[in-house]
Amino acid sequence: VVVQWPVPSHIDFDTLTASIGARQDVDAMTPVNNGALVLGQTPYHVSCATLAVHESLMYALQQLYPDVTPVNLLPRVRCVLIGQSVMVGRPLLSWALNHRVGSISTIHRDTPRAVSQQLVNSHVTDPHVIPVVISATGQPHLLVPESDTHAAPDKLRISPGQILIDVGFHVDQQTNVVLGDFSPRCYSTALAYTPVPGGIGPLTVAILLRNVVAAARLKEECT
């Protein structure tokens, strides 16, 4: 069962998701699955976007450091997470804590701009860590290259040498073009990146289908 967001105004989202059985909750929106993730337990299903970020990060680490098992590199990761939505930001925070990520800092709408700007580049000068920036805001091209000295004051300027994972999605109403949180101009100086379109989105859909298969198997086990 998947709830398509946003729901009509006369429907309470929390009540709706709470009515779904945790085994059939393939998008991991119920309190049971989210609660298990927060507590470090094993939920029936994990958020598809969270798993897509996990797979992308593991692949990037494998490509960048082929002589080291990716999971053993996680304590060296210094992650900055932008966004605190129930569907992406908060499950990602729990995932990072459960997987021994070295550190994770969060930025959200109430974070002062100066603090946000400092955080997104706070680990690039340390050669012993792996800096990762994950953005899931839906604000088109919120993050621009550090070299863009003429960027609007509401933009965040990204230093080179970081892994950039873009979970943002925004459709430009004039051009009908899909845009991510990161400007494509950030790509050339990144350690690795997920593009928009073609990155986290298709992987999230694939993982949703994987969760559907897992839900079918759970149903068979209960019959």
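This is a predicted model: local features need pLDDT of at least 70, side-chain atom pairs count only at pLDDT 80 or more; totals for chains, interfaces and linings use all residues.
**Charged and aromatic side-chain contacts**

The side chains of Arg-185 and Asp-148 form a salt bridge, with N and O 3.1 Å apart; the term denotes a side-chain nitrogen of Lys or Arg within 4 Å of a carboxyl oxygen of Asp or Glu. The two residues lie 37 residues apart, Arg-185 in the loop between strands E8 (178-179) and E9 (192-193), Asp-148 in the loop between strands E4 (143-145) and E5 (156-158). Strands (E, at least two residues) and helices (H or I, at least four) are DSSP runs, numbered from the N terminus.

Residues are numbered from 1 along each chain as its sequence is written, and side-chain values use heavy atoms, leaving out hydrogens and water.

Asp-148 is buried at 17% relative accessibility, while Arg-185 is partly exposed at 47%. Buried means under 20% relative accessible area, exposed over 50%, and partly exposed in between (1.4 Å probe, protein chains only).

The whole structure holds two salt bridges. Arg-210 also pairs with Glu-55, at 3.7 Å between the closest N and O atoms. This pair joins helix H7 (residues 200-222) to helix H3 (residues 48-64), 155 residues apart.

Turning to the rings, Tyr-187 and Tyr-193 are stacked, because their centres lie 4.0 Å apart and their planes meet at 5°. Rings of Phe, Tyr and Trp (its six-membered ring) pair with centres within 6.5 Å; planes under 30 degrees apart are stacked, over 60 edge-to-face, and the rest tilted. Tyr-187 is buried at 14%.
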